[in-house]
Amino acid sequence: MLELVGVRHEYDGRVVLDLERFAVPPGAALAVVGPNGSGKSTLLRLLALLERPTVGRVVLDGAVVTPGGVARRRVTLVEQRPILFRATVRENLAFGLQVRGIRRTEVNRRIENVAARLAITPLLGRRRHELSDGEVQRVAVARALAVEPDVLLLDEPASSADRAAALTLYGALAEERARRPLAVCLASHQLEDAYRWADDVRALADGRLSPVTPENLFRVDLVAAERGDLKRACVGTIEIAAVTEKTGPAILAVPPTDIFVSREPLASSARNTFQGRVTGLTRRRAGDGAVHVTADVGVELVAVVTEEALHDLALAPGSPVVFSFKASAVRVF
Amino acid sequence: MDFLAEGFRRALALLFSGDAEVYGIALLTLRIGLISTVVACGLGIPLGFVLATRPFWGRRAALTVVNTALAFPTVVLGLLLYGLLSRRGPLGAMGWLYTWQAIALGDVLLALPIAAALAAAAVQGVDPRIRRTAETLGAGRWRTAWTVAREARFALAAVITTAFGHVVAEIGSAMTVGGNIRGQTRTLTTAVALYTSQGDFGLALALGLILLLLALLVNVALQTLQGRGHA
């Protein structure tokens with residue numbers, strides 16, 4: 001088990017991560033979601049033992065570990081914008097194996113194996129300037145998998161990949177986890193991927209684990225409305241009203257279960273009513289009767305409805321939809 | 001113009017006639033240049049690497065010292081070396097004054113800050129993700145440093161070329177501590193100065209052309225090496 005215990009990390013005196021405890025259990029499929037700047041990448045770098053936390057400790061299987069130690073060989077990170085060495089793809093895949101002193105025949109066997117799983121066999125002879133961003137990302141994941149770490153950390157692994165490449169990537173990860181005990185912790189802003197793939201989804205906001213579900217989480221600048229106690233925040237092309245005493249920079253969350261879904265605008269007390277189109281319908285847990293409706297209403301929002309409500313509203317991707325929620329339902333922290 | 005043309009004619013004649021003195025001077029210059037470049041880069045490049053990558057107390061001051069040393073006048077360097085190597089100086093017992101070793105020592109001291117400063121800049125220019133990637137794939141300190149150096153190899157090759165160029169073109173220190181002794185410490189630059197002052201323009205020009213040729217050969221050799229490893 002890889003853990004951060006009592007960790008606070010600062011850059012130039014600014015706290016970017018503050019976690020009492022964050023654990024990646026053995027064999028876990030864990031996703032960390034949150035807006036840009038929420039501390040996801042820092043979290044992964046600390047877990048990868050690339051940086052030493054300003055305060056606190058990193059613990060691997062009960063022992064405190066530090067950057068530079070042999071523990072780093074058990075944890076591998078693929079950065080959001082990975083970089084390949086100035087060499088062929090094959091040489092890149094061989095790097096971590098050569099570092100470990102693995103024999104050439106075994107190196108070649110593992111390279112062929114991992115390249116086949118990530119569909120990069122035709123790329124093995126190419127150099128980094130001959131690859132697209134998506135290909136670089138897949139090669140970087142293959143390079144990390146080749147060393148067979150106990151914990152694989154992935155920062156936005158599908159950010160440069162198209163849908164098919166992302167599916168190949170997630171498929172390869174699932175296959176690897178089925179083959180041997182491998183814990184994977186990925187940071188992503190793509191909630192659908194996180195929910196579809198991970199067993200455990202945790203939200204990070206302003207360097208802290210968020211108490212709310214990670215959907216509809218935004219970094220905003222709150223300003224006072226002209227009248228009343230409401231505050232307003234621009235998110236995408238819409239303006240969300242919230243009841244809060246706070247102004248200025250804040251994290252704003254709209255719980256998906258607090259959003260009313262309708263086909264037409266409702267006459268109601270809800271201060272937030274937005275029209276848009278359905279972009280996706282997801283059933284995340286089999287048998288729980290809940291459907292996550294994702295809609296583009298000027299910004300992408302997720303609401304949860306029952307199967308029955310979905311049927312009554314006859315919602316499908318592309319359908320017009322109205323999302324409404326009260327200003328008091330908006331969480332600000 | 002006749003004077004210049006005559007100079008070139010004599011220079012080419014000397015070059016192609018295999019004049020022993022001309023080639024003796026060239027070989028000595030090449031030997032001193034290569035030895036001092038190897039020593040200066042052998043010390044300076046790792047020093048530049050440390051300055052660029054290892055946080056330590058006084059790092060900024062060390063960088064300032066190295067950068068200042070880039071502009072150190074070679075004549076003053078020669079003067080200080082003369083003081084150190086002269087019979088009454090602290091290193092007088094070595095008996096290096098007016099030997100090629102003294103010239104090489106001066107050249108090392110001249111090229112060392114060049115190698116260190118340019119190597120530091122070259123390493124700082126490497127994408128920081130390279131170091132992190134090497135580390136996260138399990139590389140130790142030395143393997144990580146080697147990986148970063150490989151990424152900067154074109155810039156580091158330029159460091160070596162620049163150091164060699166400065167060393168073979170240097171005259172102030174070579175003249176002061178070498179003494180320009182015929183057959184012993186006469187290098188291309190000191191010989192060019194001497195023969196020009198003696199009015200033997202053709203010989204000076206021949207030696208100047210060899211100097212250019214040496215610089216060209218080293219550049220071509222390094223570019224050939226670089227060409228073997230594409231991006």
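How many residues of chain A are in contact with chain B, and how many of chain B with chain A? The points below take this up, then turn to a helix pair and to the domains.

1. The structure is a predicted model. In it, 18 residues of chain A are in contact with 16 residues of chain B.

2. On the chain A side of this contact, two elements each supply at least two residues: β6 (75-78) and α2 (89-99). The largest share comes from α2(A), with three residues. Sorted by class, the side of chain A that touches chain B has eight nonpolar, seven charged and three polar residues.

3. Within chain B, helix α3 (residues 59-69) packs with helix α5 (residues 100-124). Two packed helices are described by the angle between their axes and the distance between those axes. Here the angle is about 125 degrees and the axes are 8 Å apart.

4. Which residues make the contact between α3(B) and α5(B)? From α3(B) come L63(B), V66(B), N67(B) and A69(B), and from α5(B) come P113(B), A116(B), A117(B) and A120(B). Seven of the residues in the contact of α3(B) with α5(B) are nonpolar, one is polar and none is charged.

5. Chain A is divided by the domain assignment into domain 1 (2-209) and domain 2 (217-332). Taken over C-alpha atoms, the centres of domain 1 of chain A and domain 2 of chain A are separated by 32 Å.

Terms used. Residues are numbered from 1 along each chain as its sequence is written. Chains are lettered from A and ligands numbered from 1 in the order in which they are written. This is a predicted model: local features need pLDDT of at least 70, side-chain atom pairs count only at pLDDT 80 or more; totals for chains, interfaces and linings use all residues. Axes are lines fitted to C-alpha atoms, for helices over the stretch in contact, and angles run from 0 to 180 degrees between N-to-C directions. Helices (H or I, at least four residues) and strands (E, at least two) are DSSP runs, numbered from the N terminus. Two residues are in contact if their C-beta atoms, placed from the backbone, lie within 7 Å. Ala, Val, Leu, Ile, Met, Phe, Trp, Tyr, Cys and Pro count as nonpolar, Asp, Glu, Lys and Arg as charged, and the others, Gly among them, as polar. Domain bounds come from an automatic or database domain assignment.
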